[in-house]
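Biologist: Can you walk me through this model? I'd like to start with how the chains meet.
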Amino acid sequence: MTREDIKNNTISVFKEVFKETVEFRESTGIEDIKSWDSLNHIILIKRLEEVFTLQFDLFKLIDLKSLGDFVDYIYFEKGNED
Amino acid sequence: MNLIQKFYYSFKKFSGNRAFCINGQDISYAEFHEYINGARELLEREITGKNNPVGIVCFECIETYAAIFATWFSGNYFIPVNPKHPLERNMAVVGNTGARYVFSTKEDVGGIINTNKIRLLNINGLKSAVDKEPDVGNEQRMYVLTTSGSTGVPKYVPINLGNVTAYCTAFMQMFPELKSGISVLQTHDHTTDAAFTSYLLPLLAGACIYTLPEGQFKFLSIARLMSDKKVNWVKLTPSVLTYLSPYIPKLDLKHILHFGFGGEALPLSLVQKWRAVFPNAEISNFYGPTEATMNSTFYKFKNLDNVRALNGTIAIGKPFPGVECVIIDGEKNILGSGKEGELCIAGKQIMSGYLNSGHNPFVFFKLNGEEKKFYRTGDIVRMDKDGYYYFIGRVDDQVKIEGYRVNLIEVENAVRNLIPDSKVVAVAHEKIQGLKRLYIFIEGFTGETGEVKQKLIGQLPGQMVPEEIFTVPGFPFTSSGKVDRRKLEQDYLLKK
């Protein structure tokens, strides 16, 4: 999976979870999405884990604060797979 | 010696101990006391007389805790201002409590508070070695908290020194294991009385308080701090464990000695799921409305095999020493064990009455020849034959969203103020299991629901902002003529 594929799929999940009219870019962060609260964070994690068949490390989740951070994390975990 | 003086001497007695660990930085009791002196000096230069309300913008830093004690040591009382709440809400709090002076560690508080209406006192880094005994009378008020009101507008709950003294005395009697050497995790927002329980009692005991960093998801910070093996006493809302439940296999909390819960009903299944993660901890379930000062009852247990629970919810236990409870029916008759009714609480922890409100939440009963004033909690409970209480539900439309009291009528009123003459119904729904959010239904509304939500974000604390707003052609009704919230939930939320 290329980084671009991961980015596009991640954007799709963000649109599905947050349903906001903001433009989703790699720089889009917690401060840009009003509905990005604890509950939606959990829903986001669950959907990303389903879509990319991975499990996030609980203690690294704290550092993921933008869409790009998630793309980098997923690319690191899944980037070498087909 | 009164409670405030006890704190003063506790800070001296434990001067070499760590009082706080904030963002990885240790602060001793001696240094904490210097921060208190600094804020107190500034306040006493600005303000005269006693029993003045003093606002504090509660950023998570040592100066905030110091400002709270500086307010008390100088004979005044604390009004918490939440930097995450909207300006309009904070100004209502400041206006209704009469706070004209507000402590802050930041000069730029735009969006939090309007500095044209108050005098901002900057305490960033402020310390002083000049120290003097607290100047406090027994009638001193300690704080005023804002709660969501069953009358549709917020209520202001004043709590005085006598109330807090009664609670602290009872707690220390029942929890002597909280002492110097213990590290307590403070997870609560300063606008709730749960926060007081996480730092007042440890500071009396010479323990250390770990606070959560700002700007991060709370449940993730809690997981990290608990797992670092730095804290051994924790008090949480059950919701936090619900958030962390997917990560149970990654967590090892064998070092936790005490796990306290409060703010919401505690599901037995949640504790059963988590028990193996903290096998050595004693568990306490605390219950109590803000009006009765922090906690009124508690249930302490270790063994899950014989835990007391009703309908899958763990007991709220027995009253703290000095607290009296009765259960009443709709005609104010006192009920015996096994019967469900409204819980009423008496004792020195009960507030004198709401600030600026004609609402009377009290009822009087003669017990053992003495007439006593009881606070009507609005909570429906049952007592078993051994005297243990169990939470069943509410007499009104109040719900708990992650430990915060939310009266649906207050949220409905906020919408009606934006759309006059509209028919509005609020519904609390578990978006995922164990975690509720609010949803608003407006009959025949033709405007933009997104705009309504944006306006509500500017007025209400986060837990009161609806997740979604629906326009409906008409409301369904129950056979008794009330709007059928369950049907709305079924049709619009469960079918999604």
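Modeller: Buried area is the accessible area (1.4 Å probe) that two parts lose on being put together, summed over both. This is a predicted model, where local features need pLDDT of at least 70, side-chain atom pairs count only at pLDDT 80 or more, and totals for chains, interfaces and linings use all residues. Residues are numbered from 1 along each chain as its sequence is written, chains are lettered from A in the order in which they are written, and side-chain values use heavy atoms, without hydrogens and water.

Biologist: How much do chain A and chain B bury between them?

Modeller: About 2000 Å², with 68% of it on carbon and sulfur atoms. In chain A, Leu39(A), Leu58(A) and Ile62(A) lose the most area to chain B, together 33% of what that side buries.

Biologist: How many salt bridges are there across the interface?

Modeller: Two, counting a side-chain nitrogen of Lys or Arg within 4 Å of a carboxyl oxygen of Asp or Glu. Arg437(B) pairs this way with Asp37(A), and their closest N and O atoms are 3.3 Å apart.

Biologist: Switching topic, which charged end sits over the ring of Phe59(B)?

Modeller: That of Lys106(B), 4.2 Å from the ring centre. The rule wants NZ of Lys or CZ of Arg within 6 Å of the ring centre and within 35 degrees of the ring normal.

Biologist: And what sits over Tyr77(B)?

Modeller: The charged end of Arg141(B), 5.1 Å from the centre of the ring.

Biologist: Are Trp36(A) and Phe70(A) buried or exposed?

Modeller: Both are buried, meaning under 20% relative accessible area, with exposed over 50% and partly exposed in between (1.4 Å probe, protein chains only).
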